[in-house]
Amino acid sequence: MPTQIVVAGAIISGATVLVAQRGRPPELAGRWELPGGKVATGETERAALARELAEELGVEVSDVAVGHRLGGDVRLDDTTTLRAYRVRLLRGEPHARDHRALRWVTAAELRDVDWVPADRAWLDDLTREL
């Protein structure tokens, strides 16, 4: 049973999804991911994702609508599971606070992105959402 859940947000606007370029750790720096983070004790996955996106992207938690799950669980290691959700920004413009850069990509561009390995599991799901 996983002891840590990490949530990621597929922020979709029109026919594009927001991807974030990692600055750390060194083995993942420069690669792209769906933004998100760890679920804290006593926090729901959706609340954690809204909080993490507010912290990482500078949008208000109330400006984020976390929707349905995207794809299946991705095991990161023996104790950590990664889950993605579709997210809608109600207001605000994301800014890279915790990442090197942000960019919006289309379904046609998804496979050309240098993804962190775990997020590659959702490429088919992302393509369908876009």
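This is a predicted model: local features need pLDDT of at least 70, side-chain atom pairs count only at pLDDT 80 or more; totals for chains, interfaces and linings use all residues.
Let me begin with helix α1, which covers residues 45–57, has 13 residues, and reaches 18 Å from its first C-alpha to its last, close to the 18 Å expected at 1.5 Å a residue.

Just after the helix, Gly-58 takes a positive phi of about 70°.

Now to the strands, and I will start with β1, where eight of the ten residues are buried, so that the strand is mostly covered. Strand β1 is joined to β6 by eight bridges, with the two running parallel, and within β6 it is Arg-86 that stands opposite Ala-10. With β4, in contrast, β1 pairs in the antiparallel sense over three bridges, and there Val-7 has Gly-37 as its bridge partner. The pairing of β1 with β2 is also antiparallel, with two bridges, and Ile-12 stands opposite Val-17 of β2. These two strands form a hairpin with two residues between them, in which Gly-14 takes a positive phi near 60°.

On to β6, for which eight of the ten residues are buried, so this strand is largely enclosed by the rest of the structure. Besides its parallel pairing with β1, β6 runs antiparallel to β5, the two being joined by seven bridges, and one example is Val-66, whose bridge partner in β6 is Val-87. A hairpin takes the chain from β5 to β6 through four residues.

How do the side chains pack? The largest nonpolar core holds 20 residues, and those that touch the most other members are Val-17, Leu-34, Leu-82, Leu-110, Trp-115, Trp-122 and Leu-126. Two or more residues of this core come from each of β1 (4–13), β2 (16–21), β5 (64–75), β6 (80–89) and α2 (123–129), and β1 gives the most, with four residues. A second, separate core has 16 residues, among them Val-7, Ile-11, Val-87 and Leu-89. Returning to Leu-82, and leaving aside residues up to four places away in sequence, its contacts are Val-6, Ala-8, Gly-72, Asp-73, Val-74, Leu-76, Ala-118, Asp-119 and Trp-122.

Rolling a probe the size of a water molecule over the atoms shows where empty space is left. The largest pocket has a volume of about 480 Å³, and of the 22 residues that line this pocket, the closest to its centre are Val-6, Arg-22, Glu-33, Gly-36 and Gly-37. Which elements each supply at least two residues of the lining? They are β1, β4 and α1, which brings us back to the helix I began with.

Definitions and conventions:
Residues are numbered from 1 along each chain as its sequence is written. Side-chain values use heavy atoms; hydrogens and water are left out. A nonpolar core is a set of buried Ala, Val, Leu, Ile, Met, Phe, Trp, Tyr and Cys residues joined through side-chain atoms within 4.5 Å. Buried means under 20% relative accessible area, exposed over 50%, partly exposed in between (1.4 Å probe, protein chains only). Contact means heavy atoms within 4.5 Å. Two strands pair if DSSP finds at least two bridges between them. The expected span of a helix is 1.5 Å times one less than its number of residues. On a 1 Å grid over the protein atoms alone, a cavity is a set of points where a 1.4 Å probe fits but cannot get out, and a pocket is an open set with protein on both sides within 12 Å along at least five of seven lines; lining residues have an atom within 4 Å of a point. Grid points are joined across faces, edges and corners, and a volume is the space filled by probe spheres set on the points.
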